[in-house]
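Thanks for making the time this morning.

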Amino acid sequence: MGPLQPIKRFAGWAGSRVIRPGLYSQHDRFMVTPMQTPPANPFNLRAIDAIDTHTGGEPTRIVFAGGPDLGQGPMLQRMHSLRRDADWLRTALILEPRGSAWIVGALLQPSCDPDCAAGVIFFNNRGYIGMCGHGLIGVVAALAYRGRIQPGTHRFETVVGEVTATLHDDQSVSIKNVASYRWREQVSVQVPGEGTVCGDIAYGGNWFFLVDTPGVDPAELESLSARCRRIHAALRDQGIVGADGSEIDHIELFGPPSDPQLADGRNFVLCPGGEYDRSPCGTGTSAKLACLAAAGKLQVGEVWRQESIIGSVFAGRYTPAPQGPVEHAVIPTITGRAFVTAETRFVLDPQDPLRLGIPTIKDAAAE
Ligand code: PYC
């Protein structure tokens, strides 16, 4: 993590360009949550309006207002600006004392295309991620909670492309993800202390290394995490990367479900910041669907129920990707449900030396 940058002096509620409605863009329907009666703010505190959700146990912190102005460009460009100029938003919300290593952040943005519901940039304790399935399900739940969207299909712009989300009448959400594909089949990596480990390299909005194991046991969280860390380090050290030289930053172990009535498989996913996903991982399930499709083990439209390490389940299915980057690329649809857990006005006090979060040893090591 780079050095913490000072927060720009907050101009106060009256002069704020970040809280008042209508200032982001004419077409944005969702971005701004007006504080109807701004509190007196004699201390120049910066305030961030956010909703927390969890999807199958995995939390998402969704920023509605109080973030930086990132301009009008595509989400990838805005993500680069966020990382370069305003990484404080991520560190303040995701690192301790406000956050934790297992929270994913989602910054809502006015979309480029006025017909899209919103843009969204995802981040975690280590940096920025392209897509986040559980996170987008949380975003949809939060927008519905605020009355900004109704049941129906809505389009979102993400850093890795457009994704659609259908909010169903029962409040479950189906995400139609970006094209996902198996990039390499059964790649060998030499893992110190373990020997040769074979896994598929697949893309589902993020890069995954998927390893079949006899079982993933929730009583073994520490050893599962340690094994994934070793595999991640070995991939990095041996220069094993994704299609465009991307780091494979998610490791996914697969075993049988806890109950075949409940699910078809169970996973354990270690995320880039060193924490495991409590949900079945939307992009990880997409990567799994791509591998099953490429192996001829799951047919178009057939449902795959993916159980997480804590027992929550996403339902996945796919259609062929018309112009996928490789043969057998798929468009996955992942269905799950999120619940709102908090509505928060975070305060960043300029006098607080830890207002931008505590940089951890792990974060420093990740750089
Ligand atoms: O659900 O795609 C996902 C995800 C990625 C990282 C954590 N969750």
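Glu 194 has a relative accessibility of 30% and therefore counts as partly exposed, and in this predicted model it forms a salt bridge with Arg 230, the closest N and O atoms being 4.0 Å apart. That pair links distant parts of the chain, with Glu 194 in the loop between strand 9 and strand 10 and Arg 230 in helix 4, 36 residues apart. Arg 230, at 37% relative accessibility, is partly exposed as well.

A search of the whole structure gives 16 salt bridges, and another one of them joins Glu 247 to Arg 126, with 3.3 Å between the closest N and O atoms. Because Glu 247 sits in the loop between helix 4 and strand 12, while Arg 126 sits in the loop between strand 4 and strand 5, this pair ties together parts that are 121 residues apart in sequence. There is also a network of salt bridges that links Asp 49, Arg 146 and Glu 343.

Which residues touch the most other members of the largest nonpolar core? Among the 67 residues of that core, they are Phe 122, Val 139, Phe 156, Phe 209, Ile 231, Leu 253 and Phe 268. Helix 3 supplies the largest share, eight residues, and the core draws at least three residues from each of domain 1 and domain 2. Leaving aside neighbours within four places in sequence, Ile 231 is in contact with Val 191, Val 197, Phe 209, Val 211, Ile 251 and Leu 253. A second, separate core has 22 residues, including Tyr 128 and Leu 356.

Terms used. Residues numbered from 1 in each chain as written. Predicted model: local features only at pLDDT ≥ 70, side-chain atom pairs only at ≥ 80, totals over all residues. Heavy atoms only, no water. Core = buried A, V, L, I, M, F, W, Y, C linked by side-chain atoms within 4.5 Å. Buried < 20%, exposed > 50% of the residue type's maximum accessible area, 1.4 Å probe, protein only. Helix = DSSP H or I, 4+ residues; strand = E, 2+ residues; numbered from the N terminus. Domains from an automatic or database assignment. Contact = heavy atoms within 4.5 Å. Salt bridge = Lys/Arg side-chain N within 4 Å of Asp/Glu carboxyl O.
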